[in-house]
Amino acid sequence: MLLTPFLSTLFDSGQVTLAGQLASFTAEDIASSTELLSAYYEEEVLEAPFEAPPFLPEAAIWGAQFMYKSMQFAMLRDLEDDLIQKELRPFIGLVTPAVIFSVDLCMRYLPDLFSLAKGLAPDDILVKCLKDAAAQWPFSSVGIDISLINREHDLIMKHPALCQIYLDRILAIGDLKRVSNFQLSPWIKALVGEYPDQLLPKAFNHILNEESNTAN
């Protein structure tokens, strides 16, 4: 098995176990991994604000495989670009709040992997694939500089649970570019209420005050 121990160590300690060469995931591995993802989802929804989207096994497994392969490609640097592009294809199904939340069980580690991969050349195919994934999954890519507001981002902002978690992540890491690029100041203001000075980092206060002055 490859994917199951990967998920087990990832969820338990934030560390990962990877094979030293590419290999396909067996049906048994996929089934076992799905059980792990489902259990992890059940823990996540206990902490989620409002009502979390339902669990979608297919989306969760896609996200798990994408992250496993991406981490392998970051380690195995002698592989052909065509192979990396083939294995890291974008998700092609209909994206819904349930898909976003299920994919995020593993895709939330994308910013950490992207930080490691930034040491590669900017035109490296792995960096490009990770950047494309960040744009497709804005909920999971907080901290990565993306500027395109897409349908997936609209779905996040319209779903109470996803929106709350998303804004919390932005505040937690201080992603000022995401606030500015996606015009999220009104959402941040609504989240922190009447006392942003006590609840926001100074950099956030500067942006919010600057935009308020511009509007006036």
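The side chains of D104 and R169 meet in a salt bridge (2.7 Å, N to O), a term that denotes a side-chain nitrogen of Lys or Arg within 4 Å of a carboxyl oxygen of Asp or Glu. D104 lies in helix α5 (residues 97–107) and R169 in helix α9 (residues 160–173), so the pair ties together parts that are 65 residues apart in sequence. The model is predicted: local features need pLDDT of at least 70 and side-chain atom pairs pLDDT 80 or more, while totals for chains, interfaces and linings use all residues. Residues are numbered from 1 along each chain as its sequence is written, and side-chain values use heavy atoms, without hydrogens and water.

**Salt bridges**
- The count comes to 8 salt bridges.
- A network of salt bridges links E44, D104, R108 and R169.
- D104 is buried at 0% relative accessibility (buried means under 20% relative accessible area, exposed over 50%, partly exposed in between; 1.4 Å probe, protein chains only).
- K128 forms a salt bridge with D132, with the closest N and O atoms 3.1 Å apart; both residues lie in helix α7, 4 residues apart, about one turn of the helix.
- K128 is partly exposed at 44% relative accessibility, as is D132 at 37%.

**Helix α7 and A133**
- A133 is found in helix α7 (residues 125–136), helices being DSSP runs of H or I with at least four residues, numbered from the N terminus.
- A133 is buried, with a relative accessible area of 5%.
- Leaving aside neighbours within four places in sequence, A133 is in contact (heavy atoms within 4.5 Å) with F66 and L110.

Methods: Helix = DSSP H or I, 4+ residues; strand = E, 2+ residues; numbered from the N terminus.
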